[in-house]
Each structure stands twice: as C-alpha cells, then as structure tokens.
Amino acid sequence: MKIQSLSVVVPNQKCINNCAFCVSKMHTEDYTNQKEGNDRFYDLYERDYVKRLEFARDNGCNTVVLTGNSEPQQNRGFLKIFGTLNNHLSKPFRKIDLQTTGVLLDDEYLRFLRNHVGVNTIALSMSDMFSDGNNAKINGTPEHLAVDIEHLCSEIKRYDFNLRLSLNLTDVYNNKRAEEIFRRAKELKADQLTFRELYSSGLGTPQDEWIERHAVSSHVLEEIKQFIRQNGRPLRIMEYGQTLYSVREMSVIVDDDCMSTALKEDIKYLILRPDCKLYSNWDDKGSLVF
C-alpha cells in the first residue's frame, strides 16, 4: 500500500469561514470526538491515535496535512497535542503541511506552528489571489478577519515556511490569463502552486449550485494546463498519477480529484479523524481502514 499523505482532521465546532463551495457542508459529519470529548478514556484513545499515526508511517507515508472541516488554527490546544505526540513517535513525521485560508495567522501563531507543531509548508487556500476583499467574500470570512494576502505571504516567507498557493478555481480566473496568474504567484513569492478544481457532490446541495454558477470555465482551465505544459519542466509522476511540473522555479500541479474519488490501487491519502480511526474517503464512512 502506498499512501501519499495523512490528512489529520483538527476538530472544531464551527468554522470561522463560510466558504460558498465548502465540501464539508455537502455531507453530514457524525464522527465522535474521542480525542477531546472522552476524558474518562483519554489514555486509551491517545494510544489508538498514536497507533494510527504509526500505521501511516509503517506504510511509507511521510507527509501530514493538518486540515479539517474548519480552520485548523481555531483549535490551538489540539495542534499542541499533535505536535507533542508526533515528536514522541519512534519515526516522527518530518513533512507537515497546514491547509488554511490564513485567518488568525499572526506573528505569534506562525512562530508556534514553526517551533512546536513542526509545520514546514503552509498551503494558503485562496478563492481570489488578486483581491483581499473578494477573496474574503467568497470564503465567507468575517470582515474584521479578512486576510491581507500580500502581508500574510510575506510573513510566511519571513518565518521560512514553504509557501504553497492553493487556488480554488472560481470564475474569478475566467478574466485572467494564465500568464497573469503565474506572475501574481511570483509576486507573492510562492514556492508551490496547486490549481484546485471545485468539487461537486452531484447531490444538488447549495454548494453544488454555487459551483455550477461560479466554477472556472473549461476553456480557461485548459489554457492553464497548456501554459504549464509549454512553460514547465516535468519533474515526476506523483503517487496518484498527476504530473508535477517546475514552472518559473515553482512546483506546480493541477488537482482534479481533491476528494480522492478516482479508483486506483494506491491510496491518495488516509484521513485520521477525531474518533481516532483511519478512513480513505472524506464522504464515506464505509471507507474505514481501521
């Protein structure tokens, strides 16, 4: 079994954002929070949790992605526990990514992520890389918490994180040429760039309807892919079949299966949920590994 990464779900009651295309709102989340909500059996579930971390490492997984149905940094206590548990593994995870829209990340929090949690890469999820206001609007970020994109990217680089721009391909980019997108990424000093096609569940949810109206056009998406092929250098085939390119000294990939729906022999990622169990799919409890 080859596992590309381990997604660690950081539990929270409610996300500080209200993204118009939010995947987690498309399906019911009914996983019991044994990691924080069962003090009577805390030691038991901590051992279960560590066992799952070790299982992923035993199967060749080297990368943890701190993510969830909300902003991971909303639960600093959990991140503190994760950092401690990982550091005490016989083979700790060395490559740790944080998937975030960037809210709440100030100087002090970035220092905590770097020094204690061991985060190496911050994957900054953006819906409009050209406008702070529109980015906040699409992400449903409260006005007083709107992210100053240029400042945050500068701070991320100041702390010497790897900066990955994870671009949610909304119709904002229908009015941009691929050249403009890559120029903007270089201005923000990105090390990596991921183009993420918006996921539709096909269930007719409000999020699906929004995506149908506001997803990037197929023409523009093809232009981006063509730009990458023409201006990039293929580096390697990723574990899940996607080609990683180097374009203008940035590693670039187009993620057209962010929910891991394609059937393949290898596993794109495992998901460690707060019930202290591993799953292979976000939207199916039947994907339980153990």
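Trainee: Let's start with Tyr 49 and Phe 78: are they buried or exposed?

Mentor: Both Tyr 49 and Phe 78 are buried. Keep in mind that we're looking at a predicted model. Searching the whole structure turns up nine aromatic pairs, and Tyr 49 with Phe 78 is one of them. A pair of aromatic rings is described by how far apart the centres are and by the angle of the planes. For Tyr 49 and Phe 78, that's 6.2 Å centre to centre and 85 degrees between the planes, so the pair counts as edge-to-face, given that anything over 60 does. Tyr 49 belongs to helix 2 (residues 42-58) and Phe 78 to helix 3 (residues 76-87), so this pair ties together parts that are 29 residues apart in sequence.

Helix 3 runs over residues 76-87, and Arg 76 lies over the face of Phe 112, 4.1 Å from the ring centre. Another ring with a charge over its face is Tyr 31, where Lys 285 is 5.1 Å from the ring centre.

Now for Phe 195. Together with Phe 182 and Phe 227, Phe 195 makes up one aromatic cluster. Beyond its neighbours within four places in sequence, Phe 195 is in contact with Phe 182 and several others, including Leu 167, Ile 181, Ile 224, Val 252 and Asp 255. Phe 195 is also among the residues with the most contacts inside the largest nonpolar core, alongside Leu 6, Leu 66, Leu 113 and Leu 165. That core has 75 residues.

Definitions and conventions. Residues are numbered from 1 along each chain as its sequence is written. This is a predicted model: local features need pLDDT of at least 70, side-chain atom pairs count only at pLDDT 80 or more; totals for chains, interfaces and linings use all residues. Side-chain values use heavy atoms; hydrogens and water are left out. A nonpolar core is a set of buried Ala, Val, Leu, Ile, Met, Phe, Trp, Tyr and Cys residues joined through side-chain atoms within 4.5 Å. Buried means under 20% relative accessible area, exposed over 50%, partly exposed in between (1.4 Å probe, protein chains only). Contact means heavy atoms within 4.5 Å. Rings of Phe, Tyr and Trp (its six-membered ring) pair if their centres lie within 6.5 Å; planes under 30 degrees apart count as stacked, over 60 as edge-to-face and the rest as tilted. Helices (H or I, at least four residues) and strands (E, at least two) are DSSP runs, numbered from the N terminus. A charge sits over a ring if NZ of Lys or CZ of Arg is within 6 Å of the ring centre and within 35 degrees of the ring normal.
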